[in-house]
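Trainee: I would like a close look at one part of this assembly: how the chains meet, and what lies behind the contacts. Please take me through it step by step.

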Number of protein chains: 4
Amino acid sequence: MSSTYGKIFKISTFGESHGAAIGAVVEGCPAGLDFDLEAIQYQLDRRKPGQSRITTQRKEGDVAEVLSGVFENKTTGTPIGLLIRNEDQRSKDYSHIADKFRPSHADFTYTTKYGVRDYRGGGRSSARETAARVAAGALAMQVLKTQGIEIYSYVSQVGNLKLDKSYKEVDLNRIDENAVRCPDPEVAQRMFDYIDEVRKAGDSVGGVITGVIKGVPAGWGEPVFDKLHAELGKAMLSINAVKGFEYGTGFEGASWLGSQHNDIYFKEGDKVRTQTNYSGGIQGGISNGEDIYFRVAFKPTATIMRDQTSINEAGEEVVVSGKGRHDPCVLPRAVPIVDAMSALVLVDFMLRARTSKLLFP
Amino acid sequence: MSSTYGKIFKISTFGESHGAAIGAVVEGCPAGLDFDLEAIQYQLDRRKPGQSRITTQRKEGDVAEVLSGVFENKTTGTPIGLLIRNEDQRSKDYSHIADKFRPSHADFTYTTKYGVRDYRGGGRSSARETAARVAAGALAMQVLKTQGIEIYSYVSQVGNLKLDKSYKEVDLNRIDENAVRCPDPEVAQRMFDYIDEVRKAGDSVGGVITGVIKGVPAGWGEPVFDKLHAELGKAMLSINAVKGFEYGTGFEGASWLGSQHNDIYFKEGDKVRTQTNYSGGIQGGISNGEDIYFRVAFKPTATIMRDQTSINEAGEEVVVSGKGRHDPCVLPRAVPIVDAMSALVLVDFMLRARTSKLLFP
Amino acid sequence: MSSTYGKIFKISTFGESHGAAIGAVVEGCPAGLDFDLEAIQYQLDRRKPGQSRITTQRKEGDVAEVLSGVFENKTTGTPIGLLIRNEDQRSKDYSHIADKFRPSHADFTYTTKYGVRDYRGGGRSSARETAARVAAGALAMQVLKTQGIEIYSYVSQVGNLKLDKSYKEVDLNRIDENAVRCPDPEVAQRMFDYIDEVRKAGDSVGGVITGVIKGVPAGWGEPVFDKLHAELGKAMLSINAVKGFEYGTGFEGASWLGSQHNDIYFKEGDKVRTQTNYSGGIQGGISNGEDIYFRVAFKPTATIMRDQTSINEAGEEVVVSGKGRHDPCVLPRAVPIVDAMSALVLVDFMLRARTSKLLFP
Amino acid sequence: MSSTYGKIFKISTFGESHGAAIGAVVEGCPAGLDFDLEAIQYQLDRRKPGQSRITTQRKEGDVAEVLSGVFENKTTGTPIGLLIRNEDQRSKDYSHIADKFRPSHADFTYTTKYGVRDYRGGGRSSARETAARVAAGALAMQVLKTQGIEIYSYVSQVGNLKLDKSYKEVDLNRIDENAVRCPDPEVAQRMFDYIDEVRKAGDSVGGVITGVIKGVPAGWGEPVFDKLHAELGKAMLSINAVKGFEYGTGFEGASWLGSQHNDIYFKEGDKVRTQTNYSGGIQGGISNGEDIYFRVAFKPTATIMRDQTSINEAGEEVVVSGKGRHDPCVLPRAVPIVDAMSALVLVDFMLRARTSKLLFP
């Protein structure tokens with residue numbers, strides 16, 4: 001009941017870190033889209049392990065195979081099966097923690113919930129599952145691209161190193177120019193060095209990703225429970241290691257006065273605009289045509305290369321020693337995941353928007 | 001497609017600020033619960049307008065009528081209809097803004113999405129809708145109470161006035177002792193004075209509510225998309241004026257190292273505990289038995305008692321003057337709404353948890 | 001989890017036979033529809049008790065009140081709350097069966113499922129719930145009318161009395177001209193007399209309703225699980241006392257050869273037609289533009305005015321004597337319910353059809 | 001929005017007749033089940049082509065691969081990915097009908113709905129999709145087996161050849177003893193000969209399958225829209241070529257009197273029983289503990305080995321000649337599909353039943 005996302009453009013993901021494969025079934029992708037497998041692979045490559053020395057050294061080709069739903073390079077409106085075989089499973093790396101609960105991991109909670117647990121690489125709780133989201137999200141991006149929508153995200157904080165610029169002050173086309181995925185090269189270098197230092201110390205560190213979505217027309221989103229920002233928040237909070245979400249002025253705006261915070265409307269040609277965009281492009285849960293922007297907080301990776309005390313299933317105190325291959329900082333590889341979730345949220349609202357008026361379009 | 005929340009314990013709300021009534025249909029409430037109408041009314045009274053001079057002076061009895069689903073004071077397992085008549089609708093107060101888009105309100109986005117708009121008091125976009133959530137949430141609380149679960153929330157920040165104590169350092173039983181709903185009387189008084197000052201200035205101010213949930217057993221929540229904190233986040237972000245959500249260490253934790261942040265397990269009697277609870281009671285999207293705590297950021301109320309520039313439906317520049325009856329700070333009345341949403345999220349996971357194992361319980 | 005129908009145009013019903021009220025919340029009704037309350041009342045009047053001596057003598061005004069979602073006679077896109085107060089509840093009529101399981105009623109199964117049961121008039125299991133469906137269905141009809149769709153159903157069998165004409169051989173505009181709702185006046189009279197005779201004998205009788213839907217464009221419906229006829233079947237089977245559903249040639253067609261049964265296509269002007277319409281207007285779960293027609297079997301009403309043996313909650317043998325006010329034959333009043341369910345199925349597919357192609361319309 | 005079935009035990013299927021693969025993702029299978037891959041393969045073998053000369057000669061191994069959700073032979077509670085590669089795709093067989101609408105096939109309706117169409121073997125509209133259901137259904141059967149539930153179905157009519165015995169008069173353990181899957185050997189032989197004769201004539205024929213489910217405890221199912229028989233009906237009607245569904249006395253019971261039709265309760269040991277079971281094991285949408293039985297009508301296969309007139313996409317009259325490999329009568333291979341759908345409906349209600357009472361079990 002929980003590996004499915006979306007109401008109309010709906011994805012169901014499956015797969016464990018060290019199982020045979022992971023994948024997604026995408027239902028409700030509109031028919032007639034020019035299908036671009038390379039664009040899917042491009043996003044998978046942005047997420048895949050082993051891109052630099054500050055990411056995990058697990059080697060996965062992460063090659064997506066399309067099983068259905070595409071005919072003569074067009075989507076047919078039927079479910080699109082996407083399959084990614086797991087390749088570099090060193091499950092033996094995990095036998096030492098088979099009955100141990102790793103600190104701040106999902107080992108204990110899964111065992112309690114399900115009674116059993118696939119302990120190899122965290123099983124289903126591993127961020128490896130997000131490869132399926134990235135593949136499905138890349139497809140969503142192709143749909144959104146036909147509507148002129150552009151999706152960006154970048155690393156804006158690592159530990160205490162913060163990029164002190166708004167998204168308007170950086171070049172969003174330079175995000176992929178460095179291994180950290182921070183569009184400011186100088187700050188990116190400092191972040192890289194810091195992550196590398198943390199890595200050498202066998203430790204890990206958290207950070208913040210900023211997301212930006214441009215080109216969303218006014219009128220997407222829903223009132224009440226499924227507000228556009230509520231779905232964005234849920235989508236981001238569903239990514240492994242995420243601890244917080246804010247959009248527009250966010251927590252900062254909580255200390256402002258209304259007279260400062262209100263966005264004043266004006267007309268720019270045919271378009272209704274706001275002078276400021278403190279609302280983050282969303283009012284009453286529905287897009288207003290301005291840029292949507294938000295921030296996502298990630299905790300430091302739970303797996304560290306140090307000995308930690310814990311307990312095992314029998315309740316005995318044990319030592320968990322850091323083994324396996326892990327990211328000292330998940331943020332660089334989380335950027336395409338944030339992008340994918342943005343796309344999945346928006347494409348669903350795009351299709352839902354077609355049903356809100358009697359006369360459409 | 002968006003006025004419904006929950007998978008098993010499911011609520012559908014309806015109603016506009018100045019329509020005949022608002023209400024909720026609650027589906028999936030388990031049969032055999034001792035139904036307590038007074039407990040529902042108690043929560044509605046906490047939310048209702050006119051409680052002090054720092055809230056709106058609209059006078060609503062907000063009396064809940066039960067239409068179905070209860071027989072001889074027990075829930076029967078069938079849908080529970082809850083109805084609240086609107087009483088004090090001064091719709092004339094709104095005729096002056098019938099075709100104007102109030103700054104940072106949902107007027108423009110609703111008009112774009114639906115083509116038409118009930119402009120009276122914001123229609124469906126009004127926080128008046130949350131009375132239906134509070135009624136349904138109070139019912140959810142009754143179910144959760146049978147499991148020993150306690151739900152709290154309180155105002156921890158108004159403007160720049162912050163309560164510099166963790167939830168463990170305050171008395172959660174004193175929340176309702178003052179009009180602000182901050183459990184520290186001294187800080188509460190300063191917040192009250194500040195809100196009153198802002199009110200007199202015709203302005204508004206935002207703030208932060210802290211939520212605490214005690215007694216949730218380990219094993220509630222779902223992996224992947226419907227993580228417990230992701231649903232909590234969505235639920236909170238769906239409340240009017242909310243701009244951010246974080247749980248556990250939240251944004252603060254993004255700057256920590258893994259070696260600092262990891263929660264070390266130990267056994268306390270029969271119970272698995274963690275030494276610290278930076279995880280906020282949730283690991284891998286599933287509760288671990290520790291307290292769940294989170295923070296919710298609210299922007300300042302969009303309606304202020306000052307003239308503001310805007311445009312009308314024809315695109316002409318107009319002046320929007322502040323009229324009507326509004327809260328200068330929504331937070332005191334938002335506390336029971338946060339409580340209600342916590343309850344609605346948890347009760348659904350409580351019932352979902354019954355389906356995760358072949359052998360249950 | 002089961003009082004809701006529809007994916008986009010979604011209704012949630014509530015209410016018991018002898019509770020305060022019944023009603024429905026309609027979510028997803030497109031904005032901008034001219035709302036016609038009289039058309040809703042017209043359908044409720046077709047369903048309401050006491051229309052002739054062959055229906056129950058319970059007296060219910062069945063007046064629908066609109067609580068939300070309509071402003072200045074237009075739907076606004078927000079949930080439409082529909083409320084019908086119960087008036088003529090003679091709950092005392094039921095005290096004698098409070099702990100008895102009436103034969104072929106839902107008393108035993110509800111008690112087993114829920115542990116408790118509102119025994120007054122069958123509680124939630126009463127067909128009184130269908131008034132809420134009829135109100136919501138009448139709204140769906142208004143949406144469908146804008147697309148030129150016409151919905152009909154009529155009584156084609158009572159006991160062994162069968163109308164031996166296809167739907168093309170009767171005048172669908174004469175359905176309401178008699179109390180039985182059979183469009184052939186002569187057959188209708190014989191059916192009326194037979195029902196009246198059964199009624200006098202304290203017995204009940206079943207029958208068949210034929211449904212016809214005209215004007216559905218090709219391309220509505222979904223492949224695989226949510227086929228148009230599968231949803232129609234579910235909708236009809238969800239009506240109280242229904243035991244079977246068939247469309248097109250139905251069970252009769254099971255004995256045919258493919259060479260007889262296949263519908264040959266031809267072009268009529270711009271329109272693709274079939275020479276025969278044995279498919280009942282649906283191929284592969286999707287409408288083909290021909291008339292949709294189907295048959296729905298109803299069992300005889302379980303309540304009869306005779307003494308029957310049964311058991312009570314303690315397992316003791318008891319006598320259930322026929323009391324209360326009941327229909328000797330539910331079919332005349334079931335006609336508007338079949339119409340309502342047809343409308344609810346179709347309006348949902350109408351909106352879903354808007355999402356199947358990238359370029360729409 | 002339509003390749004998914006179930007609320008808690010939920011399957012999503014994908015795949016086309018001549019694509020790379022078909023499969024299903026099963027979400028919500030309870031953890032801790034002993035997983036039996038052979039039992040899945042056994043059901044797939046019952047459905048697979050080429051079993052005798054009265055079924056299609058397409059050769060498919062139909063070997064199921066498990067991609068996820070199982071660890072050390074136990075289900076883990078996470079999604080179970082099931083994959084079946086297509087092997088014997090003679091897509092060239094279909095090039096001659098690439099732009100033609102085959103009579104009574106889904107070619108025209110898919111083209112209208114989606115704008116594009118995978119014409120190879122009917123694409124998604126092919127009954128090949130049901131292999132994925134059979135695999136998932138076999139898993140559902142494993143869950144149900146732990147509750148003592150037995151699922152049967154058999155061919156009870158082919159053309160006009162009817163098995164004139166009730167399900168109680170045949171040996172349900174002999175269903176698979178002949179190629180027709182009719183448990184009466186003598187009738188089976190006559191059916192076989194008739195199908196073979198029809199096959200030689202290049203024609204096709206329909207029939208009826210009877211389903212029986214034993215061991216369902218009282219209290220499963222839901223009131224109102226999701227009645228047990230309504231879901232069963234939808235599930236059966238969603239199978240390719242199905243035109244009708246009835247349960248209990250079905251259409252026949254429509255001509256009875258209430259005094260004949262009512263099932264009288266009595267106590268047998270601890271169990272509540274009914275003297276007759278005209279209700280088909282379901283009252284008010286909820287199981288009563290008696291056998292559930294129903295009948296499903298199938299039309300003759302649309303593909304016949306004869307020339308038929310039709311039109312093409314351009315609207316021109318064309319001749320469609322029968323090619324490809326097809327079943328002259330789908331019923332023998334549809335038996336495991338009916339079984340699978342029964343299992344999928346029931347397993348979902350089994351899990352839903354856990355949420356209906358406050359105190360469970």
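Trainee: Which rotation, with how much shift along its axis, superposes chain D on chain C?

Mentor: A rotation of 180° with 0.0 Å of shift superposes chain D on chain C, at an RMSD of 0.0 Å.

Some ground rules come next. This is a predicted model, where local features need pLDDT of at least 70 and side-chain atom pairs count only at pLDDT 80 or more, while totals for chains, interfaces and linings use all residues. Residues are numbered from 1 along each chain as its sequence is written, and chains are lettered from A and ligands numbered from 1 in the order in which they are written.

Stay with chains D and C. In this pair, 93 residues of chain D are in contact with 93 residues of chain C (contact: C-beta atoms, placed from the backbone, within 7 Å). By class, the side of chain D that touches chain C has 34 nonpolar, 41 polar and 18 charged residues. Nonpolar here covers Ala, Val, Leu, Ile, Met, Phe, Trp, Tyr, Cys and Pro; charged covers Asp, Glu, Lys and Arg; the others, Gly among them, are polar. Both copies use the same surface: 100% of the contact residues of chain D recur in chain C.

Strands also pair across this boundary. Strand 11 (residues 242–247) of chain C runs antiparallel to strand 11 (residues 242–247) of chain D, joined by 3 bridges. Strands are DSSP runs of E, at least two residues, and helices are runs of H or I, at least four; both are numbered from the N terminus. Two strands pair if DSSP finds at least two bridges between them. Within this pairing, C:Glu246 stands opposite D:Gly244.

Chain A shows what strand 11 pairs with inside a chain. There, strand 11 (residues 242–247) and strand 16 pair in the antiparallel sense over 5 bridges. A:Glu246 stands opposite A:Arg295 of strand 16. Strand 10 (residues 207–214) of chain A is also antiparallel to strand 16, over 7 bridges. In that pairing, A:Gly211 has A:Phe294 as its bridge partner.

Is strand 16 (residues 292–298) of chain A mostly covered or uncovered? Mostly covered: 7 of its 7 residues are buried. Buried means 20 or more other C-beta atoms, placed from the backbone, within 10 Å of a residue's own; 12 or fewer is exposed, and in between is partly exposed. A:Ile292, A:Phe294, A:Val296 and A:Phe298 point one way from the strand. A:Tyr293, A:Arg295 and A:Ala297 point the other way.

A:Ala241 lies in the loop between helix 5 (228–237) and strand 11 of chain A. Its phi is near 80°, a positive value in a residue other than glycine. Most residues other than glycine have a negative phi. A:Ala241 is buried, with 22 other C-beta atoms within 10 Å.

Now turn to the other face of chain C. Chain C can be laid on chain B by a turn of 180° and a shift of 0.0 Å along the axis, with an RMSD of 0.0 Å. That is the relation of a two-fold axis. Again the same surface serves both copies, as 100% of the contact residues of chain C recur in chain B. Here 35 residues of chain C are in contact with 35 residues of chain B. On the chain C side, strand 2 (10–14) and strand 3 (21–27) are the elements that give two or more residues. Strand 3 of chain C gives the largest share, 4 residues. By class, this side has 12 nonpolar, 16 polar and 7 charged residues.

Chain B shows how strands 2 and 3 are set in a sheet. Its 5 strands form an open antiparallel sheet in the order 1-2-3-7-4. Strand 1 (4–5) and strand 4 (64–66) of chain B stand at the edges, each with a single partner strand, so one side of each is left without a neighbour in the sheet. Strands 2 and 3 of chain B are joined by 5 bridges.

Technical notes. Copies are superposed by least squares on the C-alpha atoms of residues with pLDDT of at least 70 in both. Two residues are in contact if their C-beta atoms, placed from the backbone, lie within 7 Å.
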